[in-house]
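Work through the exercises below with the sequence and the model at hand. Each task is followed by a solution in steps.

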Amino acid sequence: MYHHSEHQMLLPDDFFLPFGGRLNPDNRWVVLASLIPWWKVEEAYKETLKDLTQGNQAYSVRMALGALIIKEKLGTSDRETVEQMTENPYLQYFLGLPEFTETAPFDASTMTHFRKRISREMIDQVNAWIVEDQQSQKDSGDGDDDDDHRGTSSSSAPAEEKKKETDAAETHQGKLLIDATCAPAAITYPTDLKLLNEAREKLETMIDVLHEPFRGSRKKPRTYRNQARKSYLSIAKQKSPKRKKVRKAIRKQLGYVERDLNHLEKLSLQSGLDRLSRKQYGELFVIQELYRQQRQMYDSKTHRIEDRIVSIHQPHVRPIVRGKAHTNVEFGAKLSMSLVDGWAFLDNLQWDAYHEAADLPGAVEAYAQRAGVYPEAVLADKIYLTRENRKYCKERGIRLTGPKLGRPPKQESKEQKQIEKQDAAERNAIEGKFGEGKRTYGLGLIRACLRNTSETVISLQVLVMNLSKALREHSFFSFFMYLVQDVRCSEGSPKVA
């Protein structure tokens, strides 16, 4: 069952506090609550609910999405996030509660259900709504300033020149920054030997579970677990073991895993796999594929294979080769992000490695859909300078930064050098945005375990970055209006309330 509740906005003065106080309207959580179009999100949220007329009362979209935003904004765990909500009246107002309560609004485990219910597509749409609203407010404010400026200036400019400038602005406007990065997952650094040892230990636990009904009547299958553990530690404890020793240890672990899989197959024919938990049942399929991959790489003496599994707990994670100085390979999701006037947009997110140059046309079309015009220039890395992208931008009159094809010119104009230098300086903004997301908002380590919840967390972090930017601009605007009012009062004008 679900009741509509977001068409009536709750004002800060109407929020009840038992100690007779009132909320500060300039508090960041009060301001953030006014920036999010909850009524729009509610329509998309209702579609995720199976039945709106039966069952228990569902949590409102403001409660669900607000809790996820609070978690990513504060960088806390699920349990700590619920504790913060219980103690802070501003957080409870942000969640849409009508009055302060000293009990937790929900259990910490409910946060997982929120992440499953709110998809990445829904959060990306919320992000687009917020940015669109902020840009429209800024454009309306700039328009008023331009009108005032035009009213005080002379109209001596020719009408034809004004028309040309207007036509050019209507077809191309602004700059689009695009780049890709990796959002590492919270897994240990995977090695072949470590993965096989973990798979062996999990298989031994499954054998114990399936053999439990036959305990005392049949002999337990022999797994050599002590010997296998000792063999693994003899190599794992060495600082830099030789390749031959590592290969020999891998061969032994492959033998132990194969033996355990054969035992499980025989036990499943006798008692079935019903005694395994849901988690163990899923891990069994992952381990079978892991064994196949490791056996194939061992026989072919290589370390590469298609869709390589690097984590039994998170089998969707793939190695992403980035070629960075500190980390050549990262393990997580690869995402492509575009930046427009400081606002971030998540264009693509995949778990398999892909060539990010193919994301440029989609990012440009998304920019045109949002702004109504194509960008004046696209500031991208050299990896985006493919022939297809050059042709695409040339056909649409978009300037793509970077060197041209063919031999470099003997003499380059001073103006062209200045443009290239300016583009390189402006493109650094998206690198700074990646750093902001990884250092401050958790993009550097994704702690969610499931594939869909990890994608939701990544989209949430992009949303929180834009909300923080909107909050900073709101604070700056409020401070600017305070200065304007102070100047007016000093000149004798009445101060605006």
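This is a predicted model: local features need pLDDT of at least 70, side-chain atom pairs count only at pLDDT 80 or more; totals for chains, interfaces and linings use all residues.

**Exercise 1. The neighbours of strand E3**

Task: Find which strands pair with E3, and how many of the residues of E3 are buried.

Solution. Step one is the pairing, which requires that DSSP finds at least two bridges between two strands. Strand E1 (residues 175-184) runs antiparallel to E3 and is joined to it by 8 bridges. In this pair, Ala-183 stands opposite Ala-333 of E3.

Step two is strand E2 (residues 318-321), which pairs with E3 in the antiparallel sense over 4 bridges. Here Pro-319 is opposite Phe-331 of E3.

Step three is strand E4 (residues 343-350), also antiparallel to E3, with 7 bridges. Lys-334 faces Gln-350 of E4 across this pair. E3 and E4 form a hairpin with 2 residues between them, and Asp-341 is in the turn.

Step four is burial: 11 of the 12 residues of E3 (residues 329-340) are buried, and the strand is mostly covered.

**Exercise 2. Helix H11 and its two partners**

Task: Classify the packing of H11 against H10 and against H12.

Solution. Axes are lines fitted to C-alpha atoms, for helices over the stretch in contact, and angles run from 0 to 180 degrees between N-to-C directions. Angles under 35 degrees count as roughly parallel, over 145 as roughly antiparallel, 65 to 115 as roughly perpendicular and the rest as oblique.

For helix H10 (residues 225-236) and helix H11 (residues 243-271), the angle is about 160° and the axes are 10 Å apart. H10 is therefore roughly antiparallel to H11. On the H10 side the contact (heavy atoms within 4.5 Å) uses Gln-227, Ala-228, Ser-231, Tyr-232 and Ile-235, and on the H11 side residues including Lys-245, Val-246 and Ala-249. By class, the contact of H10 with H11 has 6 nonpolar, 3 polar and 2 charged residues. Ala, Val, Leu, Ile, Met, Phe, Trp, Tyr, Cys and Pro count as nonpolar, Asp, Glu, Lys and Arg as charged, and the others, Gly among them, as polar.

For H11 and H12, the angle is about 140° and the axes are 11 Å apart. H11 is therefore oblique to H12. Among the residues that meet are Arg-247, Ile-250 and Leu-254 of H11, and Leu-284, Gln-288 and Tyr-291 of H12. The contact of H11 with H12 divides into 8 nonpolar, 2 polar and 4 charged residues.

**Exercise 3. A residue in H16**

Task: State whether Thr-456 is buried or exposed, and which residues Thr-456 touches.

Solution. Thr-456 belongs to helix H16 (residues 451-490). Its relative accessible area is 1%, so Thr-456 is buried. Leaving out residues up to four places away in sequence, Thr-456 touches Arg-115, Ile-118, Ser-119, Arg-120 and Ile-123.

**Exercise 4. The chain as a whole**

Task: Give the share of buried residues in the chain.

Solution. The chain has 16 helices and 6 strands. Of its 497 residues, 41% are buried.

Key
Residues are numbered from 1 along each chain as its sequence is written. Side-chain values use heavy atoms; hydrogens and water are left out. Buried means under 20% relative accessible area, exposed over 50%, partly exposed in between (1.4 Å probe, protein chains only).
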